[in-house]
Amino acid sequence: MANGLTYARTTTSPEATKQLASTLAPYLHPGDAIVLNGDLGAGKTQFVQGVAAALGVRSPVTSPTFNILLEYGDGRLPVYHYDLYRLDERWQLEDIDYFSAIDGYGNGVAFIEWAEKFPEDMPYDYLEITITADTQGTRRVVAHSYGKRSRELLCVWANDSKSRLGKCQL
Ligand code: ADP
Ligand code: MG
């Protein structure tokens, strides 16, 4: 996409993926949407666990595969963790308040797994995190911005030296 930014890093353990994720937390605003891509077992839930812990969420963060939506309200911002894998129809998205979570005006941060199942219903502006397994224990984490807000978010995240993503010029 034109004007999108891309940053990438390799992590060598689940802890390193969570550490990388935790460095995103301070920059998140209400209404932000993060789309997570990657095969089963890539590390998407680990990533959400890292962000949630850094936001101050104390309850255990688990995979929403069977619940479709899991919410955590005890951190600095509400966390809405969606997994659309088991949904088949667009109207089902209404039932889980998907649109108010991804329209940019929500009160919390939305993390969405399997968003690509509903290409017409992608967030207007979102940060895409794609995780791919390299060798055992190693993951390639690629972040790409789709839209103005997520570009800004990715840039400030990259500029945090603890993220080790590399310098970004706004
Ligand atoms: P997903 O949500 O993408 O299906 P999970 O986050 O539930 O995947 O699981 C990822 C699995 O991969 C965990 O068992 C974790 O211990 C393992 N793993 C191994 N190396 C890494 C790494 N570098 N980053 C994240 N997870 C890793
Ligand atoms: Mg998962």
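Which residues does Asp160 touch, not counting residues up to four places away in sequence? I looked it up: Asp160 touches Thr23 and Tyr27, where contact means heavy atoms within 4.5 Å.

**Ground rules**

I noted that this is a predicted model, where local features need pLDDT of at least 70 and side-chain atom pairs count only at pLDDT 80 or more, while totals for chains, interfaces and linings use all residues. Residues are numbered from 1 along each chain as its sequence is written, chains are lettered from A and ligands numbered from 1 in the order in which they are written, and side-chain values use heavy atoms, with hydrogens and water left out.

**More on Asp160**

I found Asp160 in the segment after helix 5. Is Asp160 buried or exposed? It counts as buried, at 9% relative accessibility. My cut-offs: buried is under 20% relative accessible area, exposed is over 50%, and partly exposed is in between, using a 1.4 Å probe and protein chains only.

**The whole chain**

I counted elements next and got 5 helices and 7 strands. Helices (H or I, at least four residues) and strands (E, at least two) are DSSP runs, numbered from the N terminus. Reading from the N terminus, I wrote down β-α-β-α-β-β-α-α-β-β-β-α.

Then I checked size. The radius of gyration is 15 Å, which agrees with the value near 15 Å for a compact globule of 170 residues. That radius is taken over C-alpha atoms, and the globule rule is 2.2 Å times the number of residues to the power 0.38. The C-alpha atoms fill a box of roughly 40 × 35 × 30 Å along the principal axes.

Buried residues make up 49% of the 170. I also looked at contacts with a separation of 6 or more: 61% of them are between residues 24 or more positions apart.

Charges: I noted 16 positive and 21 negative side chains, with the centres of the two sets 11 Å apart.

**The cores**

How many residues does the largest nonpolar core have? I read 35, and the ones with the most contacts inside it are Leu28, Ile129 and Trp157. Elements giving two or more residues to this core include helix 1 (14–22), strand 2 (33–37), strand 6 (126–133) and helix 5 (148–159). A nonpolar core here is a set of buried Ala, Val, Leu, Ile, Met, Phe, Trp, Tyr and Cys residues joined through side-chain atoms within 4.5 Å.

I followed Ile129 further. Leaving out residues up to four places away in sequence, the ones Ile129 touches include Ile34, Phe47, Val141 and Trp157. There is also a second, separate core of 18 residues, and it includes Tyr82, Leu93, Ile96 and Tyr98.

I located Ile68 in the loop between helix 2 and strand 3, and it is buried at 16% relative accessible area.

Trp114 is another non-glycine with a positive phi, about 65°. Trp114 sits in the loop between strand 5 and strand 6 and is partly exposed, at 29%.

Where does Arg151 lie? I found it in helix 5, partly exposed at 27%. Not counting residues up to four places away in sequence, Arg151 touches Asn3, Leu5 and Ser145.

Asn107 is in the loop between helix 4 (98–102) and strand 5, and is partly exposed at 48%. Beyond its neighbours within four places in sequence, Asn107 is in contact with Pro30, Leu77, Pro78 and Tyr80. I noted that Asn107 and Tyr80 are 27 residues apart along the chain, with C-alpha atoms separated by 9.9 Å.

Last, Tyr124: I found it in the loop between strand 5 and strand 6, exposed at 78%. Tyr124 touches Ile102 and Tyr146, again not counting residues up to four places away in sequence. From Tyr124 to Ile102 I have 22 residues in sequence and 7.5 Å in space, C-alpha to C-alpha.

Note on methods: Lys and Arg count as positive and Asp and Glu as negative; His and the chain ends are not counted. The place of a charge is taken as NZ of Lys, CZ of Arg, CG of Asp or CD of Glu.
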